[in-house]
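Walk through this model with me, one element at a time. Keep the sequence alongside the coordinates.

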Amino acid sequence: MRIATWNVNSIRARQDRVSALLERENLDVLAIQETKCRPEQFPYEPFTAAGYEVAVHGANQWNGVAIISRVGLEDVQRDFPAQPAYANPGKEPVVEPRALSATCGGVQVFSLYVPNGRELSHPHYRYKLSWLENLRKYASSLLEEDPQAQLALMGDWNIAPFDQDVWDMQVFAGATHVSKPERDAFFAFEAAGLTEVTRDLFDGYTFWDYKQLRFPRNEGMRIDFAYCSPALAQRIQTAEPLREERKGKGASDHVPVILEVAP
């Protein structure tokens, strides 16, 4: 089975690229982030016509996640238990559409768009840490209930866990994505019994900002990951970022990461 994750940075702007990726890479499941649309605005037809089922969780032009699968789409769950809410200034707190899970081909796939954090002193940073901690607790509870559970927590984690995951640590001094609390929150999933399966299978970045010629200069970040349960981690044969997908007109600022899962 081939499972991928991709922050598409607007599904309506990149539906043709997503359709082409599904066909070209023979994908069974694709977890996508930053769909940036309400469910009724999602372009279902190209995917259903190609034999895929689609689950969508979105609210407006921000955030949003989806799962596209041709190997089943069961037990769809929008958000996760105790997922924190966030309140923009002058607004009521809302649980943002950042997490979606479904069982696809026997694997519980999570499409996750972890909060950015914005600045170390910003309320969004504290929200990010709380969001990650509650997700970790939920994932731990799933493993406690079933140590043989097939879990894949995939998506844009908005954390660069090692210094080599950014092109220049000096540029990130005092910034989000590389702070110790964020990195500790990331590694807490490992302590909970999950394995980040891409680290040992490829080197390189998964994100290059649109600004300042970051991609031509290869000034990128590695922030897209897949944490898997022990039972699933042992089935992962390869992990590959599709760097070529960052090229050309209309590219997302992230590239897909594909996992090959043994039967």
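Just after helix 4, Gly193 adopts a positive phi of about 110 degrees. Helices (H or I, at least four residues) and strands (E, at least two) are DSSP runs, numbered from the N terminus. The model is predicted: local features need pLDDT of at least 70, side-chain atom pairs count only at pLDDT 80 or more, and totals for chains, interfaces and linings use all residues. Residues are numbered from 1 along each chain as its sequence is written, and side-chain values use heavy atoms, with hydrogens and water left out.

Stay with helix 4, residues 180–191. Its twelve residues should span 16 Å at 1.5 Å a residue, the expected span being 1.5 Å times one less than the number of residues. The end C-alpha atoms are 16 Å apart, which agrees. Glu182, Arg183, Ala185, Phe186, Ala188 and Phe189 are buried (under 20% relative accessible area; exposed is over 50%, partly exposed in between; 1.4 Å probe, protein chains only). The buried residues of helix 4 pack against helix 3 (123–145), strand 8 (151–156), strand 9 (195–196) and strand 10 (224–228). Contact here means heavy atoms within 4.5 Å.

Six strands form an open sheet in the order 3-4-2-1-12-11, with mixed pairing. Two strands pair if DSSP finds at least two bridges between them. Strand 3 (53–57) and strand 11 (236–241) are the edges; each has a single partner strand, so one side of each lacks a neighbour in the sheet. Strand 3 runs antiparallel to strand 4 (residues 65–69), joined by five bridges. There, His57 stands opposite Val65.

Helix 1 (residues 11–24) lies across strand 1 (2–7), strand 2 (29–33) and strand 4, at about 160 degrees to strand 2. Axes are lines fitted to C-alpha atoms, for helices over the stretch in contact, and angles run from 0 to 180 degrees between N-to-C directions.

Which side chain does Arg2 meet in a polar contact? Arg2 lies in strand 1 and is buried, at 17% relative accessible area. Its side chain makes a polar contact with the side chain of Glu260 (2.6 Å). Such a contact is a pair of N or O atoms within 3.5 Å; within protein, one must be able to donate a hydrogen and the other to accept it, and residues adjacent in sequence count only if both atoms are side-chain atoms.

The largest nonpolar core has 26 residues, and Ile67 and Val109 have the most contacts inside it. A second, separate core of 25 residues includes Tyr127, Leu143, Ala149 and Phe225. A core is a set of buried Ala, Val, Leu, Ile, Met, Phe, Trp, Tyr and Cys residues joined through side-chain atoms within 4.5 Å.
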